[in-house]
Amino acid sequence: MEANTRSTGRLPAAFLTPGSSSFMDFLGEHSPEMLPGNRVLPPVQGVVEAPHGTTIVAASFPGGVVLAGDRRATMGNMIAQRDIEKVFPADEYSAVGIAGTAGLAVEMVKLFQLELEHFEKVEGATLSFEGKANRLSTMIRSNLGMAMQGLAVVPLFAGYDVDREKGRIFSYDVTGGRSEELGFAATGSGSVFARGSMKKLYRKDLTEQETTTLVIQALYDAADDDSATGGPDVARRIYPIVTVITEDGFRRLTDDESAELARTILEKRLVQPDGPRAALL
């Protein structure tokens, strides 16, 4: 196939007339070895250490959803990277936050972005939000072999559903099983602490500003109890990645906006180290 391409200077006809709206199916037909789930790992002894992304949180509000993540990647008991990117736009109205094996997770996100773009170009229409969630579920399931060897990817998928006119959040397990979360969700090593924080502070009538504050509070609480989750690093000017998705599309808060929110929370924590208190009743 490569020799034919070089001699004619053209791609094969099959590449120009794909028979499926799924990029994964197209890739599986022509270059199956490029799919992550088809790779064979070499035999190894002992535990293989690879950088892992940690905590991702999401919360919805009237008119949209906020998806955020800390910046730390760990490798065993070591910090592998302090400023890793964990939240990515999937398309104009959705985003993915990654937790798990960092390299495989980033590759999966890029493949997911291509999947959505390919569908839109072939079909001439955008995939429904439910369809996007299902496609990501299929991709996670294809990585099950890697996950069983310790290289799992467990993302959060969030965005604005233009048909239902509201923000939606989906969580996944390593087998690709998906669940729609109502209100808020968290995944990763610090998810238990982040979810507990949001459980006490979340309200359905929060504004966009209040929701962004909520997710940073949750990440702070996760970092307070989970060594794999990184809190705001004022000295290095490293702050959580916070994204907002509404009917206007995907928007990532600037570094200055994230810094201002994080610094405000840090100042409050000097007075209340355990964070804001929820009412008993």
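Author: The buried residues of helix H8 pack against strand S2 (56–61), strand S3 (64–69), helix H7 (191–201), strand S13 (241–246) and helix H9 (255–271). Here buried means under 20% relative accessible area, with exposed over 50% and partly exposed in between, for a 1.4 Å probe and protein chains only, while contact means heavy atoms within 4.5 Å. Helices (H or I, at least four residues) and strands (E, at least two) are DSSP runs, numbered from the N terminus. This is a predicted model, in which local features need pLDDT of at least 70 and side-chain atom pairs count only at pLDDT 80 or more, whereas totals for chains, interfaces and linings use all residues. Residues are numbered from 1 along each chain as its sequence is written, and side-chain values use heavy atoms, with hydrogens and water left out.

The buried positions of H8 are Thr 211, Thr 212, Leu 214, Val 215, Ile 216, Gln 217, Ala 218, Leu 219, Tyr 220, Asp 221 and Ala 222. The 18 residues of H8 (residues 208–225) should span 26 Å at 1.5 Å a residue, and the end C-alpha atoms of H8 are 26 Å apart, which agrees; the expected span is 1.5 Å times one less than the number of residues in the helix.

One of the buried positions, Leu 214, lies in H8 and counts as buried because its relative accessibility is 5%. Leaving aside neighbours within four places in sequence, Leu 214 is in contact with Ala 59, Met 198, Leu 201, Tyr 202 and Leu 206. The C-alpha atoms of Leu 214 and Val 66 are separated by 9.5 Å, although these two residues are 148 residues apart along the chain.

Two helix partners of H8 can be described through their axes, which are lines fitted to C-alpha atoms, for helices over the stretch in contact, with angles that run from 0 to 180 degrees between N-to-C directions. The axes of H7 and H8 come within 7 Å and cross at roughly 140°, and H7 is therefore oblique to H8. Angles under 35 degrees count as roughly parallel, over 145 as roughly antiparallel, 65 to 115 as roughly perpendicular and the rest as oblique. The crossing of H7 and H8 is right-handed; a crossing has that hand if the near helix is turned clockwise from the far one by less than a right angle, and is left-handed if anticlockwise. On the H7 side the meeting residues are Phe 193, Ala 194, Ser 197, Met 198 and Leu 201, and on the H8 side they are Leu 214, Gln 217, Ala 218, Asp 221, Ala 222 and Asp 225.

With H9, H8 packs at an angle of about 60°, the axes being 10 Å apart, and H8 is therefore oblique to H9. H8 passes H9 in a right-handed crossing. Here Gln 209, Thr 212, Thr 213, Ile 216, Gln 217, Tyr 220 and Asp 221 of H8 meet Leu 261, Ala 262, Ile 265, Leu 266 and Arg 269 of H9. Thr 254 has its place in the loop between strand S14 (249–252) and H9, and it counts as partly exposed because its relative accessibility is 42%.

The nonpolar cores of the model give a wider setting. A nonpolar core is a set of buried Ala, Val, Leu, Ile, Met, Phe, Trp, Tyr and Cys residues joined through side-chain atoms within 4.5 Å. The largest has 25 residues, and those with the most contacts inside it are Val 96, Phe 112, Leu 136, Phe 157 and Tyr 172. Strand S6 (87–91), helix H4 (102–123), helix H5 (129–142) and strand S10 (166–172) each supply at least two residues of this core, and its largest share, eight residues, comes from H4. Apart from this core lies another, of 23 residues, among them Val 66, Leu 206, Val 244 and Leu 261.

H4 and H5 also pack on each other, at an angle of about 140° and with their axes 11 Å apart, and they are therefore oblique to each other. Their crossing is right-handed. In the protein as a whole, there are nine helices and 14 strands, and buried residues make up 47% of the 281 residues.
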